[in-house]
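Hello,

Please look through it before you read on.

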Amino acid sequence: MSYKDTYRHKGLRKKLVETIRAKGIKDEKVLSAINSLPRHFFMEKAFEEWAYVDKAFPIGSDQTISQPYTVAFQTELLQIKKRDKVLEVGTGSGYQAAILALLGARVHTIERQEELFHKTNELLGMLEVGNIRTYFRDGYKGLPEFAPFDKMIVTAGAKEIPEALKNQLKIGGVLVIPVGDDNVQKMYRITRISEKEFKKEEFANFRFVPFLKGTNKK
Ligand code: SAH
């Protein structure tokens with residue numbers, strides 16, 4: 001497979017960044033990461049035309065690559081600093097993980113769909129975008145052997161906030177997670193204030209594929 005990033009792609013990406021900026025994303029570092037990462041590398045070649053439309057898109061195994069605006073929104077809430085140890089639940093296409101890595105994070109990302117895990121693992125290995133480690137696991141349990149994390153991001157819609165994830169946050173650490181039913185989820189930012197205290201902030205509504213328990217081997 002060859003990965004070409006043409007002037008045309010770059011031009012389309014610039015427009016996409018302006019669209020996202022117009023929707024309210026202010027963090028220049030986040031916008032510049034989106035501007036520099038070819039989103040079409042994370043989608044099937046046949047659907048390349050859709051890569052620079054601000055929409056979620058199917059990537060197989062019943063899953064989607066998140067809408068660029070959503071990626072930007074969650075990433076902005078995380079306020080990534082260089083060398084932050086970040087856990088992502090829901091690797092999917094690997095796009096969000098790559099954005100985090102471009103911002104200098106040390107990324108650990110978990111996927112429960114085996115097929116998708118293998119496909120994305122291979123892609124990320126090939127693209128060599130920063131520091132990303134992938135795991136085929138149930139993200140509900142987090143990644144205890146690498147805890148505690150500075151930041152955590154869940155990219156699937158959760159019914160509730162898994163205790164295991166909260167417990168794997170550093171004091172001062174932040175978890176960004178969409179919570180709701182199957183149709184709509186509200187974005188939350190949870191900050192761990194102390195061993196037992198958490199601050200909870202509420203943001204806009206989004207729609208994600210469901211956060212499911214267990215792994216799905218194929
Ligand atoms: N961050 C992804 C978005 C993927 S969609 C991207 O940038 O493309 C959400 C992903 O979460 C799906 O791939 C789904 O399989 C995965 N997922 C759902 N429940 C999970 C769980 N318990 N553990 C790990 N991954 C999960």
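**Cores and ligand site**

The largest nonpolar core has 45 residues, and the ones with the most contacts inside it are Ile20, Ile34, Phe42, Tyr95, Ile99 and Leu100. Two or more residues of this core come from each of α1 (7–22), α2 (28–36), β1 (57–60), α3 (68–78), α4, α5 (114–127) and β7 (169–180). There is also a second, separate core of 20 residues, with Leu143, Ala156, Ala158 and Ile177 among them. Keep in mind that this is a predicted model.

Phe42 is worth a look on screen. Leaving out residues up to four places away in sequence, Phe42 touches Leu37, Ile59, Ile65, Ser93, Gly94, Tyr95, Ala98, Leu123, Leu124 and Leu127.

Now the ligand. There are 27 residues around the ligand, and Glu88, Ser93, Glu111, Gly139 and Leu212 come nearest. By class, this shell holds 11 nonpolar, 11 polar and 5 charged residues.

- Gly90: a backbone N or O atom lies 2.9 Å from a nitrogen atom of the ligand.
- Arg112: a polar backbone atom is 3.3 Å from a nitrogen atom of the ligand.
- Asp138: a polar side-chain atom lies 2.9 Å from a nitrogen atom of the ligand.

The ligand taken alone exposes 580 Å², of which the protein buries 99%. The elements giving two or more residues to the shell are β2 (63–65), β3 (85–89), α4 (95–102) and β4 (106–111). Of the shell, β2 supplies the largest share, 3 residues.

Regards

Note on methods
Residues numbered from 1 in each chain as written. Predicted model: local features only at pLDDT ≥ 70, side-chain atom pairs only at ≥ 80, totals over all residues. Heavy atoms only, no water. Near = heavy atom within 4 Å. Polar contact = N/O pair within 3.5 Å; in protein donor to acceptor, adjacent residues only side chain to side chain. Areas by Shrake-Rupley, 256 points an atom, 1.4 Å probe, with all protein chains shown as cover. Helix = DSSP H or I, 4+ residues; strand = E, 2+ residues; numbered from the N terminus. Nonpolar A, V, L, I, M, F, W, Y, C, P; charged D, E, K, R; others polar. Core = buried A, V, L, I, M, F, W, Y, C linked by side-chain atoms within 4.5 Å. Buried < 20%, exposed > 50% of the residue type's maximum accessible area, 1.4 Å probe, protein only. Contact = heavy atoms within 4.5 Å.
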